[in-house]
Amino acid sequence: MCSPRKKMSKSLKKIVEECKEKNQTELDFSDRGISNMLDISGLFTLSNITQLVLSHNKLTSVPANIADLRNLEVLNVFNNQIEDLPTQISSLQKLKHLNLGMNRLNSLPRGFGSLPALEVLDLTYNNLSENSLPGNFFYLTTLRALYLSDNDFEILPPEIAKLTKLQIISLRDNDLISLPKEIGDLSQLKELHIQGNRLTVLPPEMAFTADTCRQTLNLQRKAMTSPRR
């Protein structure tokens, strides 16, 4: 009899082989109990795939081989146990959507800001703070949506103003005590989610932002009760 691990390995291998035969560009390995991407035999030979979903697994890291999937546009590893990322992730030149939410990240790798096409970055539910961001993080000038909710940010660096294409910023449930005035320079911003922090006032420079974000701008004032998660 095959062990469950061997059985799973065979089943994953079959999916990879089918993908190769049919020249598919999207692969979904969500919720399969995978603890190591290297257990998926042949995965890193599929250089044509554009979408890889590995959400709801037991991954603790992403191997350097991720760089071999050079045509990836979407990478989803939501809800795993990932503690670190390889520097090679920044060589994914076509990556547009990266979901790293609900993991155990304490930092982002050096050079992370070198992803030239990234539009949506989800880092919700990790252990990140302003000290976790690499020096070139704010070079991600193609970003349209940045999700940083449920982390440990006390401040948002003023360099946020460099991300001029941002339309959505989610900072719910952090430890923010203030926001930089530079956030008011983000003229394309449509949604700013800041409830569940320690903010009491907004910088006056955000007057324009407050007008454009009227529907979604939420400030938890001292008089308000704490929002439920």
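F137 counts as buried, because its relative accessibility is 1% (buried means under 20% relative accessible area, exposed over 50%, partly exposed in between, with a 1.4 Å probe and protein chains only). The model is predicted, so local features need pLDDT of at least 70 and side-chain atom pairs count only at pLDDT 80 or more, while totals for chains, interfaces and linings use all residues. Residues are numbered from 1 along each chain as its sequence is written, and side-chain values use heavy atoms, leaving out hydrogens and water.

The structure holds 2 aromatic pairs. Rings of Phe, Tyr and Trp (its six-membered ring) pair if their centres lie within 6.5 Å; planes under 30 degrees apart count as stacked, over 60 as edge-to-face and the rest as tilted.

| Pair | Centre distance | Plane angle | Type |
|---|---|---|---|
| F112 and F137 | 6.3 Å | 5° | stacked |
| F137 and F138 | 5.1 Å | 85° | edge-to-face |

F112, F137 and F138 form one aromatic cluster. F112 is buried at 0% relative accessibility, and F138 is buried as well. F112 lies in the loop between strand 4 (97-99) and strand 5, and F137 in the loop between strand 5 and strand 6, 25 residues apart.

Strands are DSSP runs (E, at least two residues), numbered from the N terminus. An open sheet is formed by 8 strands in the order 1-2-3-4-5-6-7-8, with parallel pairing; two strands pair if DSSP finds at least two bridges between them. Strand 1 (26-28) and strand 8 (191-193) are at the edges with a single partner strand each, so one side of each has no neighbour in the sheet. Strand 5 (residues 120-122) and strand 6 (residues 145-147) are joined by 3 bridges, and V120 stands opposite A145 in strand 6.

Note on methods:
Helix = DSSP H or I, 4+ residues; strand = E, 2+ residues; numbered from the N terminus.
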